[in-house]
Structures are given as C-alpha cells and as structure tokens.
Amino acid sequence: MGVLMSRRQTVERVQKVSLAVSAFKDGLREQPSTRRRAEAGTARQGTLEQEVQEGEEEALAGPSQPEESSASKAAWERLRDGRGVEPEEFDRANRFTPPAFIRPKRELHDDEPPDISLEQREQILNDEMCEICEVWTAESLFPCRICHRVYHDGCLRRMGFLQKDSAVEVTETAHTETGWSCYYCDNLNLLLTEEEMYSLMETLRNCKIIPGACLTLDDFLHYKHQVHKQQFERTMPEAQEEQAALQFNALDPDKKGHIEWQDFLSHESIQLLQKIRPQNALLRLLTPKERERARAAFLALDQDNDGFIGEGECRQARHTWFRKHQKEMPSCNVSISHVGPISEGSPASSRNGKSPEKILPATKQEETRNIDWPGFLRENVAYILAARPNSAALHLQPLA
C-alpha cells in the first residue's frame, strides 16, 4: 500500500510546502510597510502631507482595472493553461484538485520520419490503477480509447470532468469498440506547445474572439475571413468560404445554429498543427492504440496483400476515424470493424446532406495512384488526431 500511496503523499507534501512558501512571501510583502511605519514613529513625527501621500500610494496599489477585464484575463489564462472554461458556479467542495497540464515541447528529431512498421503489431496495455486515485478495482475502471490511462467514474466526477449528461455515455462506450477519450485526449488544444498556443491566442485576440463563447455561422465566417486576410493580405475566395461553411456544419451536427467553444478550439488547434508542423511530427503524436487502428484499416483495404491501396480507398479511410456511435454499421463491401463505417451511413456523410461530404466512388485516375503504408499514415494522421474528442462534431471535415 505504501507504493500505491507514495504519489499522493508526495502531492500532499508539495501542497503543504507551497502553502508555507506562500505564507512566507505574504509576510515579506507586509514586512516593509510595517518597518517603515515603525521607523517613522521613532525617528520623526509623521506629517499630514506624508499621510496623504501614503494614502495615495495605497489607492494606486489597489485594483486599477475594471471587473470585466479581470474576468477576461482569467479566461485567457485558462485558455493558455489548457483548462478550458470553468463556470463561476462550479462547486469545488469535496473535489480533487484539477491537474496542472504541462504542454509538450518540440524535440530535435520530431521532423524525421518515425519507424512505424505495418507487419509488427504493437501490444496494447492499459494501466492497472486509476490515474487519479491510484487504486486498482479491476473492471470498474474506464479505459481511454486513445492512451493507456484508466479512471473511476467517481474520480472523474470529483474532478469535475464527468457531468450528469456525459456519465451515461462514458459507461456505455468506454468498454466498446467506439471507446471514450479521457480529459487529456479529449482536448486537442493540449497538443500545442507554449509557442503554438501563444500564436493561436494572438490570432484569436486580433479577431476579437471571446474565450468560452459560442460562434454562429456569421461569426465563424467573419473569423475565417479575418484570418485569411491577415495571412495573405487579400479577401478569401468564394470556394474557401463554401468550404468554411461546410466545416461549420460539421462542427454543428445537432443543427443548433452555433458551435460550442470547445469544438471551435479543437478545430483551430488541429488546423494550426497542420500549418506549423510537418506530417512526420504529427505522426509522432499518434498513440499505440491509434497506430493499431490505422493498421487494421490499411490491412482491411489491402485485400490483395501487396502493400498498396488505391487513392480512392485512402480517401474513404479519412471518414472512418469519426465513428462516434456503436450502433452504426458499415454498409459497404469493405468492412473496417476496428475503425468504423466508411459508407454514406457514417456520421461523416449523413449529418449535413451535402454532396461534398458523401464518399464518392473512386475515379480511374485515383485507382491508378497507389499508396503504401507510410503514405497512408501521412495522409490520414491529421484526421486520426482530429477524431480524438468525444464530441459528435467533426473537427476536421474530410474532403471528398
């Protein structure tokens, strides 16, 4: 039991030290003013002018910004730290302390092609203890479909990551092929480094985007126009505007007329990753579970076992990563049970009813270009990453 509790004891010890350090710093802040008053009382009598001056200094030291700006600053800080939106009425009584997210750092070898073999399968092993409480309780743990972490539903509730509306979904999907993404993998924004996050925040600030706010179609298109004009110094073409409208529809699967902030943030995060990082660097973000699903998809499409698939089949596979519901079954001849449907009955093709989202038959030109396993990974890696969130929204609309 000592091994199981060591991590928790370490956290408690660090918290106690932090409290002591904070108290010590507070004492140091108060000490100069107390010393000044004592010296002033013993050395000379305070004058009225000095008292007025001290009062003015204390007034200047007080809050100088309005309440709205402080709330806005807190929202940007939550965005920077990857914590998302924390409602003011969130009751933290009897809850665990939320984790401190540490953003990744780029390594020197990230741009080099990783060695991901098609023939060599990877052994998938989940953790044996809950990521939060570090207690083993066998089948009552919920595994993440992306990483190796497992959780108790009670621990997730006490962390504030599992609300009433999502508890049933986690219970029903965590042990199925569809799976459930933990709070680390569900947030695509946590894939960004600090430099990339500051770049995204600067873009959002320049475009007057308010963290935590929902976006309508007009808001989304206005934002896309501003970003395009800032980047290329010209207006966005009509074709790109239509594509942006399709992306909005993909981010609003329930036809509510707006997209949620978290879905918008995930979409912008994966878009930024595509622009800044090369495909080899994105491939290094894939987990063993994602690589295994990609292997299953490629082997299912490579029916003649020659190590190549057609471009049309590769294009179809881009739609398979967005499988959100276990009840939906593939209706095409090629079955990819490990990944999901690739037919018109899939979530990617049935939400908006527009022809560009439907999976069209491969043309002769597409069938002539063969794609090997490394090429298949490079062309699908962004869609695999974009499918991590539990939301039904498509954070990266596959092109037809």
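## Basis of the model

The structure is a predicted model, in which local features need pLDDT of at least 70 and side-chain atom pairs count only at pLDDT 80 or more, while totals for chains, interfaces and linings use all residues. Residues are numbered from 1 along each chain as its sequence is written, and side-chain values use heavy atoms, with hydrogens and water left out.

## The chain as a whole

The chain holds 15 helices and six strands. Helices (H or I, at least four residues) and strands (E, at least two) are DSSP runs, numbered from the N terminus. Of the 400 residues in the chain, 40% are buried. Here buried means under 20% relative accessible area, exposed means over 50%, and partly exposed lies in between (1.4 Å probe, protein chains only).

A contact is a pair with heavy atoms within 4.5 Å. Among contacts in the chain with a separation of 6 or more, 72% come from residues 24 or more positions apart.

## Helices H7 and H8

Two packed helices are described by the angle between their axes and the distance between the axes. Axes are lines fitted to C-alpha atoms, for helices over the stretch in contact, and angles run from 0 to 180 degrees between N-to-C directions. Helix H7 (residues 217–232) packs with helix H8 (residues 238–251) at an angle of about 135 degrees, and their axes are 10 Å apart. H7 and H8 are therefore oblique to each other; angles under 35 degrees count as roughly parallel, over 145 as roughly antiparallel, 65 to 115 as roughly perpendicular and the rest as oblique.

The crossing of H7 and H8 is right-handed. A crossing is right-handed if the near helix is turned clockwise from the far one by less than a right angle, and left-handed if anticlockwise. From H7, the residues Leu217, Phe220, Leu221, Lys224, His225 and His228 meet Gln240, Glu241, Ala244, Ala245, Gln247, Phe248 and Leu251 of H8. By class, this contact of H7 with H8 has seven nonpolar, four polar and two charged residues. Ala, Val, Leu, Ile, Met, Phe, Trp, Tyr, Cys and Pro count as nonpolar, Asp, Glu, Lys and Arg as charged, and the others, Gly among them, as polar.

Helix H9 (residues 261–276) has 16 residues, which at 1.5 Å a residue should span 22 Å; its end C-alpha atoms are 22 Å apart, which agrees. The expected span is 1.5 Å times one less than the number of residues in the helix. Buried residues of H9 include Trp261, Phe264, Leu265, Glu268, Leu272 and Leu273.

The axes of helix H6 (residues 194–206) and H9 come within 11 Å and cross at roughly 120 degrees. H6 and H9 are therefore oblique to each other, and their crossing is right-handed. Glu196, Leu200 and Leu204 of H6 make the contact with Trp261, Phe264, Leu265, Glu268, Ser269, Leu272, Leu273 and Ile276 of H9. By class, the contact of H6 with H9 has eight nonpolar, one polar and two charged residues.

## Helices H11 and H15

Helix H11 (residues 288–301) and helix H15 (residues 373–386) pack at an angle of about 125 degrees, with their axes 11 Å apart. H11 is thus oblique to H15, and the crossing is right-handed. Glu290, Arg291, Ala294, Arg295, Ala297, Phe298 and Leu301 in H11 meet Trp373, Phe376, Leu377, Ile384 and Leu385 in H15. By class, this contact of H11 with H15 has nine nonpolar, no polar and three charged residues.

Ala297 of H11 is buried, with a relative accessible area of 0%. The C-alpha atoms of Ala297 and Trp321 are separated by 9.7 Å, although the two are 24 residues apart along the chain.

## Residues in loops

Glu128 and Glu134 both lie in the loop between helix H3 (67–81) and strand E1 (142–143). Glu128 counts as exposed at 62% relative accessibility, whereas Glu134 is buried at 14%. Not counting residues up to four places away in sequence, Glu128 touches Trp136 and Leu141.

Most residues other than glycine have a negative phi. Glu134 has a positive phi of about 60 degrees, and phi of Asn305 is near 55 degrees. Asn305 is placed in the loop between H11 and strand E5 (309–310) and counts as exposed at 63% relative accessibility.

Arg318 is in the loop between helix H12 (311–317) and helix H13 (347–350). At 15% relative accessibility, Arg318 counts as buried. Leaving aside neighbours within four places in sequence, Arg318 is in contact with Glu379, Asn380, Tyr383 and Pro398.
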